[in-house]
Amino acid sequence: MALHAEELTNESGRGGASASARPGHARGRVLAAIAVIAAVWVAFDQTTKAYFNSFDLGAVAGGPFAGLVQFRLVHNTGMAWGLFGDSTFALGVMSVAVCCFFAAYAFICAPRLNWAEVVGLALVIAGGIGNACDRFTQGYVVDFIETVFMDFPVFNIADIGVTCGFVLFLIGLFVSMSREGDSGTSDADGFGADAPSARKDG
């Protein structure tokens with residue numbers, strides 16, 4: 001868990017200086033992890049979109065697989081279920097705004113984030129960036145994953161990132177809040193926290 005205030009005040013000399021630098025080190029480590037995960041997911045999203053966008057619009061490029069999904073190219077200028085059709089630029093701006101919000105949250109709370117929150121934030125940011133790139137460069141979002149066992153909007157890898165990432169982030173946030181409530185403090189066993197042995201160094 002993060003350092004308690006009394007531990008910081010009791011440290012002196014080299015140990016105190018090292019402890020005071022830990023929050024910045026933890027923030028950098030968390031932000032680096034988020035950046036790497038997000039970059040990999042954006043690359044995966046853009047690569048799959050480029051591949052499936054080479055097929056004819058509306059064409060089934062693969063499947064159905066196990067009676068669950070098939071690959072069919074769709075160009076979406078709105079949101080799911082045709083909402084806000086032809087509002088692609090405004091939706092792109094909204095995606096960028098959401099990404100900026102979550103990026104700011106990650107920067108401010110980095111030392112206290114746990115693994116679930118880190119991965120969740122990275123996926124949400126990556127998904128927003130992936131779809132925003134489509135909207136600004138092509139005027140539409142490339143969707144290609146279609147469920148065949150139920151009526152559901154065609155989606156893509158970026159959409160998976162946003163949905164699963166947000167759920168994962170909420171789970172991590174709930175776990176973190178539960179731990180804080182159990183301990184009666186605001187300290188969390190975060191991804192960016194130092195190991196116990198490092199915190200005991202004098």
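Which are the buried residues of helix 3?

1. Basis of the note. This is a predicted model, in which local features need pLDDT of at least 70 and side-chain atom pairs count only at pLDDT 80 or more, while totals for chains, interfaces and linings use all residues. Residues are numbered from 1 along each chain as its sequence is written, and side-chain values use heavy atoms, with hydrogens and water left out.

2. Overall content. The protein has 6 helices and 3 strands, where helices (H or I, at least four residues) and strands (E, at least two) are DSSP runs numbered from the N terminus. Along the sequence the pattern reads α-α-β-β-α-α-β-α-α. Of the 202 residues, 38% count as buried. Buried means under 20% relative accessible area, exposed means over 50%, and partly exposed lies in between (1.4 Å probe, protein chains only).

3. Buried face of helix 3. The opening question is answered by Thr88, Leu91, Gly92, Ser95, Cys99, Phe102, Ala106 and Cys109, the buried residues of helix 3. Seen down the axis of helix 3, these residues fall within an arc of 135°, so they line one face of the helix; the arc is taken from the directions from the helix axis to the C-beta atoms. An α-helix has 3.6 residues a turn, so residues three or four places apart point the same way. On the face of helix 3 turned away from its buried side are the exposed residues Phe89, Phe101 and Ile108.

4. Length of helix 3. Helix 3 covers residues 88-109, and at 1.5 Å a residue its 22 residues should span 32 Å. The expected span is 1.5 Å times one less than the number of residues. The end C-alpha atoms of helix 3 are 31 Å apart, which agrees.

5. Cysteines. With a disulfide taken as a pair of cysteine sulfur atoms within 2.5 Å, the count comes to 0 disulfides. Cys99 is buried, at a relative accessible area of 10%, whereas Cys100 is partly exposed, at 48%.

6. Helix 3 against helix 4. Helix 3 packs with helix 4 (residues 115-138) at an angle of about 155°, the axes being 8 Å apart. Axes are lines fitted to C-alpha atoms, for helices over the stretch in contact, and angles run from 0 to 180 degrees between N-to-C directions. The angle makes helix 3 roughly antiparallel to helix 4, a term used for angles over 145 degrees. The crossing of helix 3 and helix 4 is left-handed, meaning that the near helix is turned anticlockwise from the far one by less than a right angle. Ala132 lies in helix 4 and is buried, with a relative accessible area of 5%.

7. Backbone points to check. The peptide bond from Gly63 to Pro64 is cis, with omega near 5°. Pro64 belongs to strand 1 (residues 60-65) and counts as exposed at 51% relative accessibility. Pro64 and Val148 are 84 residues apart in sequence and 7.3 Å apart in space, C-alpha to C-alpha. In the loop between strand 1 and strand 2 (69-76) is Ala66. Phi of Ala66 is near 55°, a positive value in a residue other than glycine. Ala66 is exposed, with a relative accessible area of 75%.

Definitions and conventions
Parallel < 35°, antiparallel > 145°, perpendicular 65-115°, else oblique.
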